[in-house]
Amino acid sequence: MHAWGGEQVEEAVAGCVAALGEAVDTDWTAVKAGRLEWDCRQTATHMAGALLAYAGQLAGRAQQRYVPFEITLDGDEDGLDPADNAGVLEVVETTGALLVATLRTTPREVRAFHPFPFRSANREGFAAMGVTEVLLHTHDMAEGLGIAYEPSPALAEDVLTRIFPQVRPGPTPWSTLLWATGRGDLAGRAPVTDWRWSNNLVIPAGRLTLQGITPAAARDLRQGGDGGFEWIEGGPFEGTRDAAGMLVKAYEAGVHRPEWGVFALVRTEDGRAVGGMGFHGAPDEQGRAEIGYDLVEGARGRGYATEALRALSQWALARDDVRSLFATVERGNAPSQAVLSRAGFTRLDTDSAHLADDGELAYELGR
């Protein structure tokens with residue numbers, strides 16, 4: 001899976017400048033930007049500010065809060081003239097270039113603060129947020145100015161499969177993105193009045209981090225790619241590819257919940273993935289969730305699976321909607337049974353092991 005981010009930000013910004021360049025002679029302060037309360041100039045300034053903020057946040061690698069950034073385009077006491085509309089678009093181009101440069105020089109494992117929903121994002125997340133800001137606010141301005149604008153379907157789908165994993169695909173990616181952000185309607189779906197994008201969840205686990213796999217990464221894994229991860233030799237294992245396929249099916253059916261999906265197990269020492277772990281779906285009505293995992297052969301016997309399972313179990317059982325976790329394992333798979341036991345799971349007796357098929361054993365961990 002090729003690195004995603006810089007090229008897409010460039011495409012989004014170029015499309016924005018080309019579309020809005022047709023209306024630089026209009027008074028942008030006199031025209032509302034679509035359904036927003038802002039006028040078109042305020043919207044363009046916000047767009048540029050968002051691109052700058054994402055570049056600065058990621059470059060500085062801030063972990064606890066936003067670092068404030070501000071763009072002033074209205075002149076100042078030193079006699080600088082306010083930017084005209086063409087100048088505003090130049091600022092959008094410049095801030096877009098800053099984000100692109102930051103994305104291309106930031107290592108994959110770096111994360112920086114963003115509040116929604118899990119308090120951080122990686123370079124792919126910041127790129128997707130930047131692209132979304134540009135696509136949506138260009139649409140808003142174009143609607144207000146009465147000019148045509150529609151980005152490529154691939155660009156809209158890219159952001160949907162990265163930071164809108166909870167949104168079921170619709171008839172077209174662009175119409176789906178507009179609906180998901182309260183800017184359009186889709187047949188059979190209620191209007192959206194409140195929305196957030198969703199960066200992937202990352203859970204620390206000692207020598208590893210569990211990194212949530214997005215629908216975009218899951219598609220690539222299912223098709224034989226690396227999902228954007230650097231794997232140790234022999235990875236990813238077959239079980240991770242199968243789990244990725246299940247994630248894609250859930251996403252396409254509109255029932256995927258990102259925190260109850262699949263995670264790549266990534267070593268903190270070198271950023272290389274060694275396996276996969278995750279849930280078979282959200283907790284049921286009894287608050288019970290099934291968990292599964294695998295490791296690349298070269299990573300087995302080192303305690304990685306135990307560390308990851310303990311961390312993921314602790315995260316899940318701290319939630320109000322989870323009462324217990326269970327896992328099934330083949331009777332002959334002694335190493336996997338040992339992992340479950342070391343992580344605190346208890347083997348169920350034959351009469352109560354209704355969760356397991358013939359030839360399998362069931363293990364459970366409760367609060």
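Student: Which residues does Gln337 touch, not counting residues up to four places away in sequence?

Tutor: This is a predicted model. In it, Gln337 touches Val329, Glu330, Arg331, Gly332, Leu361 and Tyr363, once residues up to four places away in sequence are set aside.

Student: And where is the place of Gln337?

Tutor: Gln337 is in helix H10, which covers residues 334-342.

Student: Is Gln337 buried or exposed?

Tutor: Gln337 counts as buried because its relative accessible area is 14%, and buried means under 20%.

Student: New topic: which residues have the most contacts inside the largest nonpolar core?

Tutor: Those are Trp28 and Leu177, in a core of 63 residues. The helices H1, H2, H3, H4, H5 and H6 each supply at least two residues of this core. H4 gives the most, with eleven residues.

Student: What is Trp28 in contact with, leaving aside neighbours within four places in sequence?

Tutor: Its contacts include Leu20, Ala23, Asp39, Val88 and Met141.

Student: Asp39, then. Where does Asp39 lie?

Tutor: Asp39 lies in the loop between helix H1 (6-20) and helix H2 (40-60).

Student: What lies 2.8 Å from a polar atom of the Asp39 side chain?

Tutor: The backbone nitrogen of Gln42 lies at that distance.

Notes: Residues numbered from 1 in each chain as written. Predicted model: local features only at pLDDT ≥ 70, side-chain atom pairs only at ≥ 80, totals over all residues. Heavy atoms only, no water. Helix = DSSP H or I, 4+ residues; strand = E, 2+ residues; numbered from the N terminus. Polar contact = N/O pair within 3.5 Å; in protein donor to acceptor, adjacent residues only side chain to side chain. Core = buried A, V, L, I, M, F, W, Y, C linked by side-chain atoms within 4.5 Å. Buried < 20%, exposed > 50% of the residue type's maximum accessible area, 1.4 Å probe, protein only. Contact = heavy atoms within 4.5 Å.
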